[in-house]
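I opened the model today to look up a few things. My notes follow in the order I went.

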Amino acid sequence: MSTTAASSLWAEFRALSRSAGCRTLLRFGLAAGLAALPLPALADLRLCNQTASKVGVTVGYRDAQGWVTEGWWDLKPRSCETLLRGSLAAQFYYVYAVDYTRGGEWSGRAMMCTRDTAFTIRGVEDCLARGFDRNGFIEVDTGQQRNWTIQLSDPGQPLAGGP
């Protein structure tokens, strides 16, 4: 192919690529190519509210500095929320939740600190003396999975979950 012919083809391609139809095809091709790339797996602790009620959720866990409790996440009926982002670092996480619509709670034996408004509390000892509430959390065994979703059904029913 001569230099003149190659230059002419290049000029035609540039002119064609400026047209709206070609830009759409190029965008589609780029999007399809990106969609085919492997993406890193998301690893989070999620909770799905399978009830017909609005619920408030808190979570407890142990990190490098010790025990932490965090809350509140307000979940609409039949919705899910990410409680902790990133690969799970522990096997056990703890949940305490309140049914705002019908009353009732999901609680267990692991006593941890909470409060009525949004919080992050370090430590689980002397909750009342430190000005916090004290509630029983349900232990959730993730089996050391990198991600886990907890399924919250009606109060009094056990929590279900899986990767």
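Which cysteine does a disulfide join to C48? I looked, and the partner is C80, with an S to S distance of 2.0 Å. I note for the record that this is a predicted model.

**Entry: disulfides**

I searched the whole structure and found two disulfides. I took the one between C48 and C80 to begin with. The angle about its S-S bond is 105°, and the link is right-handed. I then checked burial at each end. C48 has a relative accessible area of 5%, so I put it down as buried. C80 is at 36%, so I put it down as partly exposed.

Next I went to C113 and C127. Their sulfur atoms are 2.0 Å apart, and the two form a disulfide. About this S-S bond I read -85°, and the link is left-handed. C113 belongs to strand β7 (residues 110–114), while C127 is in the loop between β8 and β9. The two are 14 residues apart, and the pair again links distant parts of the chain. Are C113 and C127 buried or exposed? I found both of them buried.

Counting bonded cysteines along the chain, the pattern is 1-2, 3-4.

**Entry: aromatic pairs**

How many aromatic pairs does a search of the whole structure find? I got five. One of them is W72 with F119. Their ring centres are 6.3 Å apart and the planes stand at 80°, which is edge-to-face. W72 lies in strand β3 (residues 66–75) and F119 in strand β8 (residues 119–122), so this pair ties together parts 47 residues apart in sequence. F119 has 6% relative accessibility, so I count it as buried.

I turned to Y96 and F137. Here the ring centres are 5.8 Å apart and the planes meet at 40°, so I logged the pair as tilted. Y96 is in strand β5 (residues 92–99) and F137 in strand β9 (residues 133–141). They are 41 residues apart, and the pair links distant parts of the chain. Both Y96 and F137 are buried.

I then asked which residues the ring pairs link into a cluster. They are W72, Y96, F119 and F137.

**Entry: T58**

I picked T58 in strand β2 (residues 55–63). Its relative accessible area is 0%, so T58 is buried. I listed its contacts, leaving out residues up to four places away in sequence. Among them are W72, Y96, F119 and F137, the residues that ring pairs link into a cluster. T58 also touches E70, G71, W73, Y94, V95 and T114.

**Entry: T101**

Where is T101? I found it in the loop between β5 and β6 (105–106). Its relative accessibility is 52%, so T101 counts as exposed, the cut-off being over 50%. Leaving aside neighbours within four places in sequence, T101 is in contact with S53 and K54. The T101 side chain reaches the backbone nitrogen of K54 at 2.9 Å. I also took the C-alpha separation between T101 and P77, which is 9.7 Å. Those two residues are 24 apart along the chain.

How values were computed
Residues numbered from 1 in each chain as written. Predicted model: local features only at pLDDT ≥ 70, side-chain atom pairs only at ≥ 80, totals over all residues. Heavy atoms only, no water. Helix = DSSP H or I, 4+ residues; strand = E, 2+ residues; numbered from the N terminus. Buried < 20%, exposed > 50% of the residue type's maximum accessible area, 1.4 Å probe, protein only. Contact = heavy atoms within 4.5 Å. Phe/Tyr/Trp six-rings, centres within 6.5 Å; stacked < 30°, edge-to-face > 60°. Polar contact = N/O pair within 3.5 Å; in protein donor to acceptor, adjacent residues only side chain to side chain. Disulfide = S-S within 2.5 Å.
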